[in-house]
Amino acid sequence: MGLQGQMRSKLSLNRKILTHPVSKGDASELEWVDMLGSYLPRRYQVEKAFVIDHEGTISEQIDIVIFDRHYSPFLLKQNGATYIPAESVYAVIEVKPQLNPKNIRYAAKKALSVRKLKRTSAPIVHAGGTINETKKPFEILAGLLTLDGSCTKGVQEEIKKLPEKQKINFGCSLESGAFIVTYSEEIKFEKSKKEDGLIFFFLKLLSALQSLGTVPAMVIESYIKQFKQEQ
């Protein structure tokens, strides 16, 4: 609860002090990246980044990418921008001031730019031998983090209308609470209380990440092949 109060205070202060919209956005993103990077288990890394695949396709820039570098070791930093291979991504999150239908659509389109990338999957060699049955890439999680707004009927209806590859899995407003979306025969929303939104969001996110297991091991030869074609 203390962490939630601290986050709310920092983001509120950024909104009051910073006058330029880009500066406000960058400050908010950094606060969220710092919080998630500090409290998620070390297997999960957090960056603002572009996501790339072995064919050279690049996503839009994502405010927060949660990824794993154990089986996908490549991470490129060039001219202030970070590029992460699609195979290593667990979740993509956008940061906006307000939780509303417009920003839900925005986050959904950003998620699509990552989910449409092609991911490879290689056999995994371990101390006891080789796991030859490659892991099928899972659905990358997507969400929206805000300071204000709430999961209104309008927000819920907007989420229900989203195409398959633009699905939003969670959202959090520090002022009004968080929500998780469950997709089955019926789309269901589980919402937190106003006062424990950040904690609810964090624990639900961690549970969802654990359920995904390990990212697929990238086929490094596929990236080498693309590199040779461009020479």
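Modeller: Buried means under 20% relative accessible area. Please keep in mind that this is a predicted model.

Colleague: Is Ser 88 buried or exposed, then?

Modeller: Ser 88 is buried, because its relative accessible area is 0%, which falls in the range under 20%.

Colleague: Where does Ser 88 lie?

Modeller: Ser 88 is in the loop between strand 4 (81-85) and strand 5.

Colleague: And what lies 2.9 Å from a polar atom of its side chain?

Modeller: That is the backbone oxygen of Pro 85.

Colleague: Changing topic: how many cavities of 30 Å³ or more does a search of the whole structure find?

Modeller: The search finds one, and the volume of the largest cavity is about 30 Å³.

Colleague: Which elements give two or more residues to its lining?

Modeller: They are strand 5 (89-95), helix 3 (101-115) and strand 9 (141-146). The lining residues include Val 92, Glu 94, Lys 110 and Gly 143.

Colleague: What is the lining like by class?

Modeller: Seven residues are nonpolar, one is polar and two are charged.

Colleague: Now helix 5. What should its 16 residues span?

Modeller: At 1.5 Å a residue, helix 5 (residues 197-212) should span 22 Å, and its end C-alpha atoms are 23 Å apart, which agrees.

Colleague: Which residues of helix 5 are buried?

Modeller: Among them are Leu 198, Phe 201, Leu 205, Leu 209 and Leu 212. In an α-helix, residues three or four places apart point the same way, because there are 3.6 residues a turn.

Colleague: What follows helix 5?

Modeller: Gly 213 does, with a positive phi near 75°.

Key. Residues are numbered from 1 along each chain as its sequence is written. This is a predicted model: local features need pLDDT of at least 70, side-chain atom pairs count only at pLDDT 80 or more; totals for chains, interfaces and linings use all residues. Side-chain values use heavy atoms; hydrogens and water are left out. On a 1 Å grid over the protein atoms alone, a cavity is a set of points where a 1.4 Å probe fits but cannot get out, and a pocket is an open set with protein on both sides within 12 Å along at least five of seven lines; lining residues have an atom within 4 Å of a point. Grid points are joined across faces, edges and corners, and a volume is the space filled by probe spheres set on the points. Helices (H or I, at least four residues) and strands (E, at least two) are DSSP runs, numbered from the N terminus. Ala, Val, Leu, Ile, Met, Phe, Trp, Tyr, Cys and Pro count as nonpolar, Asp, Glu, Lys and Arg as charged, and the others, Gly among them, as polar. The expected span of a helix is 1.5 Å times one less than its number of residues. Buried means under 20% relative accessible area, exposed over 50%, partly exposed in between (1.4 Å probe, protein chains only). A polar contact is a pair of N or O atoms within 3.5 Å; within protein, one must be able to donate a hydrogen and the other to accept it, and residues adjacent in sequence count only if both atoms are side-chain atoms.
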